[in-house]
Amino acid sequence: MAREHGRIFTSIWSDPDWRKLTARAQHLYLTLLSAPSLSYCGVADWRPKRMLQLADGWTLAGLDAGSAELVDRLYIVVDEGSEEVLVRSFIRNDGLMKQRHMGVSMAKAHSAVASNTLREVIVHELIRLRTDMPDLKGWASEMVQKLLTQPSVDPATYPLGHTPIHPVIDPPIQYESHPPIQPPRQPPSTPSPSPSPSPYSNSGYVSTEGHQRASIGPEPPPRCHKHINEPAVGSCGACGDYRRANADWHRRDEERAASAKATRRAVIDNCEFCDGQGNRIEPGELWELDLPVVKCDHVQPLSIADWISLDRTPTEADHA
């Protein structure tokens, strides 16, 4: 029987860990939790390019950054080799183990999982759940009892989760050198003089956004150099570190954009020469003239002569 809904508790919005996630990470998590392909053991298809079709404007970079947050905080475990993703706490939160027959459905779904790592993480989560809730009816199933004896792995030791405590691959992977979470600062350059804003300019004041963006350094790649042109292997620890660095860069870039927006707003609000949109306020005595919209430079007012020079009212010469 196919799933028809995904269970989301309203208490999720009072969870401090959930509220620390960015909107893109929350959106991705809710998308996975309601995905038609999500099975009774919490595994869904992991096909990022196909997922982008579910929302207008969703970009691969944004999805990668959101998934990096969820992976790093153990909300999900991804195996890109098998194109599968596990919503780690699905079995615990969905409540399906309260019913014996749903425990059977969960065990059957587990047998269909291709990824060996995800299969072992599911067993680990089941063992934890049985320790916490030993009286659930789902444990009575013979299929579930056999499942609990299979190999298990703590997702906290998985290379794409938190920093690995020990290798889970035999033989151990020789990881590449990891990128720094904070990208290196760019060497300072000699500043060039800024041009004086023209009182007739429609371009507004000189923005510092370009400088602010340069100050956070170039965007780090979402994957390691070995896998930069292909989907990352699920057990590549270097890819996990690059993803976290990429997600951190996007977070700081959003903070930069928000700061720049707040700065622009403050400049406009404190300027006596322009309206709330950053446009110069026309003198009341010139209302009969056909004047263009002029962006304010927030530095000096326009004189009456300057305003008159901008008049677009046709003259007799124009009709000749």
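Is Arg252 buried or exposed? Arg252 counts as buried, because its relative accessibility is 13%; buried means under 20% relative accessible area, exposed over 50%, and partly exposed in between (1.4 Å probe, protein chains only). Here are my notes on the rest.

1. Ground rules. This is a predicted model, where local features need pLDDT of at least 70, side-chain atom pairs count only at pLDDT 80 or more, and totals for chains, interfaces and linings use all residues. Residues are numbered from 1 along each chain as its sequence is written, and side-chain values use heavy atoms, with hydrogens and water left out.

2. The overall picture. The protein chain has twelve helices and three strands. Both are DSSP runs numbered from the N terminus (helices: H or I, at least four residues; strands: E, at least two). Of the 320 residues in the chain, 43% are buried. The chain exposes about 18,600 Å², and carbon and sulfur atoms supply 54% of that (areas come from the Shrake-Rupley method with a 1.4 Å probe; for residues, only the protein chains shown count as cover).

3. Contacts along the chain. Take the contacts (heavy atoms within 4.5 Å) between residues at least 6 apart in sequence: 65% of them join residues at least 24 apart.

4. Helix H2. Eight of the eleven residues of H2 (residues 23-33) are buried, so this helix is largely enclosed by the rest of the structure. Among the buried ones are Arg24, Gln26, Thr31 and Leu33.

5. H2 against H4. A quick word on method: two packed helices are described by the angle between their axes and the distance between the axes. H2 and helix H4 (residues 60-72) pack at an angle of about 80°, with their axes 8 Å apart. That makes H2 roughly perpendicular to H4. For the wording, under 35 degrees counts as roughly parallel, over 145 as roughly antiparallel, 65 to 115 as roughly perpendicular and the rest as oblique. The axes are lines fitted to C-alpha atoms, for helices over the stretch in contact, and angles run from 0 to 180 degrees between N-to-C directions. On the H2 side, Arg24, Ala25, Leu28 and Tyr29 meet residues of H4 including Gly62, Leu63 and Leu70.

6. H6 against H7. Helix H6 (residues 100-111) and H7 pack at an angle of about 155°, their axes 10 Å apart. That makes H6 roughly antiparallel to H7. Met106, His110 and Ser111 in H6 meet Arg119, Ile122, Val123 and Leu126 in H7.

7. By the rule used here (a side-chain nitrogen of Lys or Arg within 4 Å of a carboxyl oxygen of Asp or Glu), the count comes to 13 salt bridges. One of these joins Glu125 to Arg128, with the closest N and O atoms 2.8 Å apart. Both residues lie in H7 (residues 116-132), three residues apart, about one turn of the helix. Glu125 counts as buried because its relative accessibility is 10%, whereas Arg128, at 34%, counts as partly exposed.

8. Back to Arg252, in H10. The side chains of Arg252 and Asp248 meet in a salt bridge (2.9 Å, N to O). Because they are four residues apart in helix H10 (residues 237-269), about one helical turn separates them. Asp248 counts as buried, at 11% relative accessibility. Asp248 and Arg252 also belong to a network of salt bridges with Arg251 and Glu255.

9. Another pair in H10. Asp253 and Arg256 meet in a salt bridge too, at 2.9 Å from N to O. They sit three residues apart in H10, about one turn of the helix, and both Asp253 and Arg256 are buried.
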